[in-house]
Amino acid sequence: MDEPAELADRFEAQRGRLRGVAYRMLGSLAEADDAVQETWLRLARTDAGAADGGERIENLPAWLTTVVSRVCLDMLRTRASRREDFVGGQVPDHIAAAEAHSPEEEALLIESVGRALLVVLDTLTPAERVAFVLHDSFAVPFDRIAPIVERSTAATKKLASRARGKVRGTQATSTTPATPATSTTESAPHRHVVEAFLAAARGGDLDALLAVLAPDVVRRADPAALPLGAATEIHGAAAVARETVLLTRNAQHAALALINGAPGIVVAPGGRLLLALTLTVDSGRITSYEVIAAPARLRELNLAVLPE
């Protein structure tokens with residue numbers, strides 16, 4: 001049995017990695033810290049029990065990874081059973097609180113994982129998410145993941161493969177048929193225009209927006225995406241650009257993603273999907289775009305991570 005101070009030091013040496021595992025699985029800094037704290041409590045109980053002839057921990061990093069993964073899986077299953085749905089609408093309080101408490105830390109975590117990836121991970125089942133994160137992000141062998149997700153090693157491999165297909169946009173979700181992958185050659189011009197639009201929106205650059213919008217561009221939006229009284233449809237580059245500049249704050253939480261097989265934009269404060277923009281591009285300019293905010297419509301989207 002370790003002395004309490006020594007055990008605490010050994011745990012603290014693993015805290016950053018455990019937090020990274022938990023954050024990718026849960027997509028919430030507050031929940032990740034809760035999962036890590038629960039892991040510490042279980043470690044302390046196990047170490048105390050070892051003094052009375054109970055379980056001894058031979059490989060602490062592996063043991064901690066297993067425990068935090070099981071804690072996260074339980075949290076994901078509880079979230080699913082309660083049908084807590086963070087797609088669209090009001091950003092959950094615990095996410096807003098985490099951002100308000102440490103915005104720089106939250107931003108660094110989101111950047112390290114990828115905002116679009118966090119959004120896509122939320123579309124996976126709990127077991128898919130755990131298997132994918134452990135294997136693809138932390139190189140945990142499948143034979144160690146299998147007991148966590150309560151599957152055979154072969155079934156766990158299939159679980160991670162299915163999750164990988166969803167993340168990359170090469171496999172259907174449970175509600176949306178698979179969309180044929182757009183080739184790099186076909187999507188590059190579209191992607192370049194969408195990137196330019198997002199950069200201009202983030203910077204509030206009216207001239208840059210006008211350069212990327214077609215003169216007769218149309219913007220359509222769900223009412224939930226707009227300030228009270230705003231028109232759900234507006235026409236013309238000048239009007240669309242002016243409105244986009246006014247909504248620059250949303251652009252700070254935006255990232256490129258593959259939406260129904262084409263480059264688009266997700267707006268995801270705290271890594272949770274709030275809005276999605278689908279854009280039509282012709283001859284190097286945006287001819288129309290739609291802002292989707294209704295939760296039912298967001299759930300119907302086939303979301304994936306754009307390849308580098």
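**Cavity, pocket and helix packing**

The largest cavity has a volume of about 240 Å³. A cavity here is a set of points, on a 1 Å grid over the protein atoms alone, where a 1.4 Å probe fits but cannot get out. Volume is the space filled by probe spheres set on the points, with grid points joined across faces, edges and corners.

A word on the source. This is a predicted model, with local features needing pLDDT of at least 70 and side-chain atom pairs counting only at pLDDT 80 or more, while totals for chains, interfaces and linings use all residues. Residues are numbered from 1 along each chain as its sequence is written, and side-chain values use heavy atoms, leaving out hydrogens and water.

Back to the cavity. Lining residues have an atom within 4 Å of a point. There are 19 of them, and Thr244, Leu247, Asn250, Leu277 and Tyr289 are the closest to the centre. Which element gives the most to this lining? Helix H10 does, with three residues. Elements are DSSP runs numbered from the N terminus: helices are H or I, at least four residues, and strands are E, at least two. By class, the lining of the largest cavity has 15 nonpolar, two polar and two charged residues. Nonpolar means Ala, Val, Leu, Ile, Met, Phe, Trp, Tyr, Cys and Pro; charged means Asp, Glu, Lys and Arg; the others, Gly among them, are polar.

Next, the second largest pocket. About 580 Å³ of space lies there. A pocket is an open set with protein on both sides within 12 Å along at least five of seven lines. Of its 25 lining residues, Gly114, Arg115, Ala116, Val305 and Glu308 are the closest to the centre. The lining has 14 nonpolar, two polar and nine charged residues.

Now the helices. The axes of H8 (residues 142–149) and H9 come within 8 Å and cross at roughly 90°. Axes are lines fitted to C-alpha atoms, for helices over the stretch in contact, and angles run from 0 to 180 degrees between N-to-C directions. So H8 is roughly perpendicular to H9. Angles of 65 to 115 degrees count as that; under 35 is roughly parallel, over 145 roughly antiparallel, the rest oblique.

The H7 and H8 axes come within 10 Å and cross at roughly 155°. That makes H7 roughly antiparallel to H8. In contact (heavy atoms within 4.5 Å), Ala127, Val130, Ala131, Leu134 and His135 of H7 meet Phe142, Ile145, Ile148 and Val149 of H8. This contact has eight nonpolar, one polar and no charged residues.
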